[in-house]
Amino acid sequence: MVANAERPHAILVLTGAGVSADSGVATFRGPDGLWEGHRVEDVATPEAFRRDPDLVHAFYDARRAKLETVQPNAAHQALARLDAEWPGELLIVTQNVDDLHERGGARRLLHLHGELKRGWCLGCGERFAWEGEMGAVAVCPSCDTAGKVRPDIVWFGEMPYEMERIDAALQRCDLFVSIGTSGAVYPAAGFVQTALYCGARCLEMNLEPSQGSIFFHETRLGRAAELVPAWVEELLGG
């Protein structure tokens with residue numbers, strides 16, 4: 001059992017790119033530091049969007065189109081089962097901008113870094129669902145203004161979403177589980193320290209130990225699509 005002798009009451013699950021890897025969703029940043037052949041500074045900052053909105057939109061339009069070719073894998077489905085069957089408090093926080101958790105069935109979920117299939121109008125401030133290409137001349141469905149819509153993605157230099165809610169959940173949880181994340185991107189990389197300080201049991205599941213492995217009580221190595229279903233079965237069955 002991953003928790004102490006007593007079953008946990010509140011669980012916070014953090015997921016990263018490793019959860020979607022078995023679905024065929026490549027991590028944005030490659031071993032050369034580039035995001036699909038682009039420098040981060042050219043496609044993932046507010047400055048890049050102001051400088052070359054066409055390039056930024058083309059980058060995210062391609063990522064959005066890729067989502068139509070992939071499906072949730074066993075890790076997404078197992079977390080959806082946990083969501084449906086766990087009687088206590090649960091929050092799944094994902095660093096991923098894809099929609100595979102939702103399509104897998106998870107509901108107690110929030111996107112720390114935004115979502116590919118949402119837009120944000122810089123004219124009126126509204127955020128909304130978006131399908132297909134966005135492009136630099138997209139029209140806001142709320143105010144009908146063209147050319148002010150950007151992907152609702154948290155770029156470098158911007159504040160991740162729902163941090164107050166996440167911090168409160170970290171302080172309440174007695175089991176913190178990190179799945180498929182390198183532990184290199186803050187603030188998510190610091191969640192384990194907050195959970196540990198507040199007395200939670202901490203488990204990571206990853207292809208290799210994360211940069212913050214020292215803070216976890218237990219590390220399980222392997223593919224998320226194999227480890228997560230086994231853990232969920234263990235937790236619910238136990």
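User: Which elements do the buried residues of α5 pack against?

Analyst: They pack against β1 (10-15), α1 (17-21), β2 (89-94), α6 (100-104), β7 (175-179) and α9 (224-237), where contact means heavy atoms within 4.5 Å. Helices (H or I, at least four residues) and strands (E, at least two) are DSSP runs, numbered from the N terminus. This is a predicted model, in which local features need pLDDT of at least 70 and side-chain atom pairs count only at pLDDT 80 or more, while totals for chains, interfaces and linings use all residues. Residues are numbered from 1 along each chain as its sequence is written, and side-chain values use heavy atoms, with hydrogens and water left out.

User: Which residues of α5 are buried, then?

Analyst: Ala 75, His 76, Ala 78, Leu 79, Ala 80, Leu 82 and Asp 83 are buried, the cut-off being under 20% relative accessible area, with exposed over 50% and partly exposed in between (1.4 Å probe, protein chains only).

User: And how far does α5 reach from its first C-alpha to its last?

Analyst: Helix α5 (residues 74-85) has 12 residues and reaches 16 Å, close to the expected 16 Å, which is 1.5 Å times one less than its number of residues. At the start of α5, the backbone nitrogen of Ala 75 has a side-chain oxygen of Asn 73 within 2.7 Å.

User: Switching to the sheet: what order do the strands have?

Analyst: The open sheet of 6 strands runs β3-β2-β1-β7-β8-β9 with parallel pairing, two strands being paired if DSSP finds at least two bridges between them. The edges are β3 (109-111) and β9 (218-221), each with a single partner strand, so one side of each has no neighbour in the sheet. On average, neighbouring strands are turned by 15° against each other, direction ignored. Helix α5 packs on this sheet, touching β1, β2 and β7, and its direction makes about 150° with that of β2; axes are lines fitted to C-alpha atoms, for helices over the stretch in contact, and angles run from 0 to 180 degrees between N-to-C directions.

User: How many bridges join β2 to β3?

Analyst: There are 3, and the two strands run parallel; Thr 94 stands opposite His 111 in β3, and Ile 92 has Leu 109 as its bridge partner. On the β1 side, β2 pairs over 6 bridges in the parallel sense, with Ile 11 opposite Leu 90.

User: Is Thr 94 buried or exposed?

Analyst: Thr 94, which lies in strand β2, is buried, with a relative accessible area of 0%, and β2 has 5 of its 6 residues buried. The side chain of Thr 94 makes a polar contact of 2.8 Å with that of Thr 15. A polar contact is a pair of N or O atoms within 3.5 Å; within protein, one must be able to donate a hydrogen and the other to accept it, and residues adjacent in sequence count only if both atoms are side-chain atoms.

User: Which residues are linked in a network of salt bridges?

Analyst: Glu 68, Asp 99, Arg 103, Lys 117 and Glu 131 are linked in this way. The salt bridge between Arg 103 and Asp 99 is 3.0 Å, N to O.

Conventions:
A salt bridge is a side-chain nitrogen of Lys or Arg within 4 Å of a carboxyl oxygen of Asp or Glu.
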